[in-house]
Amino acid sequence: MKHLTGINDLSDSDITALLDKAQGYADALNNGGKVERSLKRKTIITMFFENSTRTRLSFEMAAHKLGASVVNWDLETSSVKKNETFLDTILTVGAMKPDAVIVRHAEFEAPVFMSRRMGCPIVNAGDSWREHPTQALLDALTIRQAKGRIEGLTIALCGDVAHSRVASSNLALLSRLGAKLRVIAPDFLMPQKFSVSGIETFTDMDKGLPGCDIIMMLRNQKERMTTGNIPDDTTFHRQYGLTTDRLALAPNALVMHPGPMNRGVEISDDIADHPTHSLILKQVTNGIPTRMAVLDYCLNY
Ligand code: NCD
């Protein structure tokens, strides 16, 4: 059985195969949408213990495009609200024998815990600050399309890297794909250590941005912060926001953001909506073919 709980579940050849397959689906969707229904008669359950717009919808669209049925478990109307434990909840869902479960959860390694107990493939749609593997894969696909390669590119992850599962999965994936990685963050949002080596760190945007090919901005994830030492939004924007003036320091750079954006905090309106520099909506579009490739990989293993 194949799960996708984190980037290191994947071998190098799995990563290449997934990105190639995702590109194939992206091309097919662009050319009229004819794809083989490789998940016909499969039933997938989504379990989102945390809010989501783009991740949940694109997983659902991906499953539908491959012919699967999707059933949503809903936290608000679930028996969790009657004090059922997490373990009883997942054993109950597992007893219905779904073909796969897609999960987002605030607890560290919740998808790993589920993968040992539910008897079906588990696909991680984001856990704690630890991993969001499909976001990293769709980001890699987006970079590959825009720049033609990943190896040798200088890619900066900026802002709240410490609390970001998107950053954590991207650092793992992009370093394996040969990118030169930078992290630009104030001390209080800088991770204390990294799981991969060779990352250059900067606390000053104006020093970290020159020479970048890709700039990935991140939201301040206040819901995961334990200390309250983050400055107000206006001060943060002045110090760490990506603006037209700052982007001029890296004139060839393309800008990414996993969403949801906080405009006027980590990113200005004109950069978020920039017609040539922003890849942000391309990332959203690429979520569907990437998740099609992941579901196909996990369910047809
Ligand atoms: C993020 C998430 O939930 O991990 N968004 C996403 O899935 N595209 C990032 C965030 O919440 O800031």
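The domain bounds come from an automatic or database domain assignment.

Basis. I note that this is a predicted model, in which local features need pLDDT of at least 70 and side-chain atom pairs count only at pLDDT 80 or more, while totals for chains, interfaces and linings use all residues. Residues are numbered from 1 along each chain as its sequence is written, and side-chain values use heavy atoms, with hydrogens and water left out.

Domains. I read 25 Å between the centres of domain 1 and domain 2, taken over C-alpha atoms. Their contact (heavy atoms within 4.5 Å) takes 33 residues from domain 1 and 30 residues from domain 2.

Second largest pocket. A pocket here is an open set of points on a 1 Å grid over the protein atoms alone, where a 1.4 Å probe fits, with protein on both sides within 12 Å along at least five of seven lines; lining residues have an atom within 4 Å of a point. I recorded a volume of about 380 Å³, a volume being the space filled by probe spheres set on the points, which are joined across faces, edges and corners. Of the 21 lining residues, Arg 104, Arg 165, Arg 219, Gly 259 and Pro 260 lie nearest the centre. Helix 2 (54–65) and helix 6 (165–176) are the elements that give two or more residues to this lining; helices are DSSP runs (H or I, at least four residues), numbered from the N terminus.

Largest pocket. I recorded a volume of about 640 Å³. Among its 24 lining residues, Trp 129, Ser 168, Lys 193, Phe 194 and Ser 195 are the closest to its centre. Both domains give residues to this lining, so the largest pocket also lies between them.

Largest core. A nonpolar core is a set of buried (under 20% relative accessible area, 1.4 Å probe, protein chains only) Ala, Val, Leu, Ile, Met, Phe, Trp, Tyr and Cys residues joined through side-chain atoms within 4.5 Å. I found 83 residues in the largest one, where Ile 44, Ile 143, Ile 155, Leu 174, Ile 215 and Leu 295 touch the most other members. Helix 11 (residues 280–299) gives the most to this core, with 9 residues.

Definitions and conventions
Buried means under 20% relative accessible area, exposed over 50%, partly exposed in between (1.4 Å probe, protein chains only).
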